[in-house]
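Look at the sequence and the model below before reading on.

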Amino acid sequence: DWFAAQDASDHLERVFRLSKLKYAVMTNIPFAPEEAEHWTASPQPPLTPRLKTALRVDPMLVGDWRGICSVLRRASPPHPLSMEGCVA
């Protein structure tokens, strides 16, 4: 497969250059379990300056304390559930 043969960093740079984009913004939800595991990976993979990050705090704004607490409990090390209202 052609894509499998490409170096990911080189391919990303080629796509940005051909599309004349300077950068893209990736949103990340730290309280989504499938995303939270990437934030705690060690060592952190290098991030190209072409990709900027932005945290989404939607779960906090809509009051999804059950989901937030669930992710915080699984964090390593576990984070104290000390925010008022953070009761699952």
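Which element gives the most residues to the lining of the largest pocket? The answer is H2, with four residues. The model is predicted, and its protein chain has 88 residues.

**Fold**
- The protein chain contains four helices and two strands.
- Read from the N terminus, the order of the elements is α-β-α-β-α-α.
- Take the contacts in the protein chain between residues at least 6 apart in sequence: 55% of them join residues at least 24 apart.

**Surface and burial**
- Of the residues in the protein chain, 17% count as buried, that is, under 20% relative accessible area.
- The protein chain has an accessible surface of about 6,900 Å².
- Carbon and sulfur atoms account for 60% of that surface.

**The largest pocket**
- Empty space can be found by rolling a probe the size of a water molecule over the atoms.
- The largest pocket holds about 330 Å³ of space.
- Two elements, strand S1 (24-28) and helix H2 (33-39), each give two or more residues to its lining.
- The lining of the largest pocket consists of Met26, Asn28, Glu34, Glu35, His38, Trp39, Ala41, Gln44, Pro45, Pro46, Leu47 and Thr53.
- By type, the lining residues of the largest pocket are six nonpolar, four polar and two charged.
- Glu34 and Glu35 are in the lining and count as charged, because Glu belongs to that class.

Terms used:
Residues numbered from 1 in each chain as written. Predicted model: local features only at pLDDT ≥ 70, side-chain atom pairs only at ≥ 80, totals over all residues. Heavy atoms only, no water. Buried < 20%, exposed > 50% of the residue type's maximum accessible area, 1.4 Å probe, protein only. Contact = heavy atoms within 4.5 Å. Areas by Shrake-Rupley, 256 points an atom, 1.4 Å probe, with all protein chains shown as cover. 1 Å grid on protein atoms, 1.4 Å probe; cavity = no way out; pocket = protein on both sides within 12 Å on 5 of 7 lines; lining within 4 Å. Points joined across faces, edges and corners; volume = space filled by probe spheres on them.
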